[in-house]
Amino acid sequence: MWRALARGMGLPSLMAVATAAVIVQVFGPVALILGVLPRLSGLALAVFVGVMAVLLHPFWQFSGPSAVAERTLAGQGIGAWPSCGSRG
């Protein structure tokens with residue numbers, strides 16, 4: 001099931017994506033905290049978040065309320081707008 005979904009989303013391999021996710025999400029913040037290549041670490045984290053938001057929330061493929069929900073989730077994932085439905 002997951003392999004078919006990944007192929008439909010254009011992901012190369014689940015294992016490769018999972019490995020990249022762990023490396024970026026674990027070692028990226030550690031590198032930032034320790035000051036090891038902070039610009040490269042920050043860029044890697046930002047690119048990872050942007051790519052995952054686009055791959056996991058393809059709001060342009062939906063219409064109506066589903067599109068709004070996916071766009072909201074994608075925006076929250078990249079920090080474009082607040083979560084929890086605040087309107088303030």
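In which helix does Ser41 lie? Ser41 belongs to helix H3, where helices (H or I, at least four residues) and strands (E, at least two) are DSSP runs numbered from the N terminus. This is a predicted model, in which local features need pLDDT of at least 70 and side-chain atom pairs count only at pLDDT 80 or more, while totals for chains, interfaces and linings use all residues. Residues are numbered from 1 along each chain as its sequence is written, and side-chain values use heavy atoms, with hydrogens and water left out.

The protein contains four helices and zero strands, and its elements run α-α-α-α from the N terminus on. Its accessible surface, computed by the Shrake-Rupley method with a 1.4 Å probe and, for residues, with only the protein chains shown counting as cover, comes to about 6,600 Å². Carbon and sulfur atoms account for 70% of that surface. Of the 88 residues, 19% are buried; buried means under 20% relative accessible area, exposed over 50%, and partly exposed in between (1.4 Å probe, protein chains only). Contact here means heavy atoms within 4.5 Å. Among contacts between residues at least 6 apart in sequence, 23% join residues at least 24 apart.

Helix H2 covers residues 14–34. A kink of about 25 degrees lies at Phe27, shortly before the proline Pro29. The bend at a residue is the angle between axes fitted to the seven residues ending there and the seven starting there. The buried residues of H2 are Val17, Ala21, Val24, Gly28 and Ala31, and they pack against H3.

After H2 comes Gly35, whose phi is positive, near 80 degrees. Leu37, in the loop between H2 and H3, has a positive phi of about 45 degrees although it is not a glycine. With 54% relative accessibility, Leu37 counts as exposed.

Helix H3 comprises residues 38–56. Its 19 residues should span 27 Å, which agrees with the 27 Å between its end C-alpha atoms. Within H3, Ser41, Leu45, Phe48, Met52 and Ala53 are buried. They cover an arc of only 125 degrees around the axis, which puts them on the same side of H3; the arc is that of the directions from the helix axis to the C-beta atoms. An α-helix has 3.6 residues a turn, so residues three or four places apart point the same way. The face of H3 turned away from its buried side carries the exposed residues Arg39, Leu40 and Leu43.

What does Ser41 touch, not counting residues up to four places away in sequence? The residues are Gly28, Ala31, Leu32 and Val36. Ser41 is buried because its relative accessible area is 10%.

The largest nonpolar core has six residues: Val17, Ala21, Val24, Leu45, Phe48 and Met52. The elements that give two or more residues to this core are H2 and H3. A nonpolar core is a set of buried Ala, Val, Leu, Ile, Met, Phe, Trp, Tyr and Cys residues joined through side-chain atoms within 4.5 Å.

Ala69 is found in helix H4, residues 65–77. At 39% relative accessibility, Ala69 counts as partly exposed. Ala69 and Phe59 are 10 residues apart in sequence and 7.9 Å apart in space, C-alpha to C-alpha.

Methods
The expected span of a helix is 1.5 Å times one less than its number of residues.
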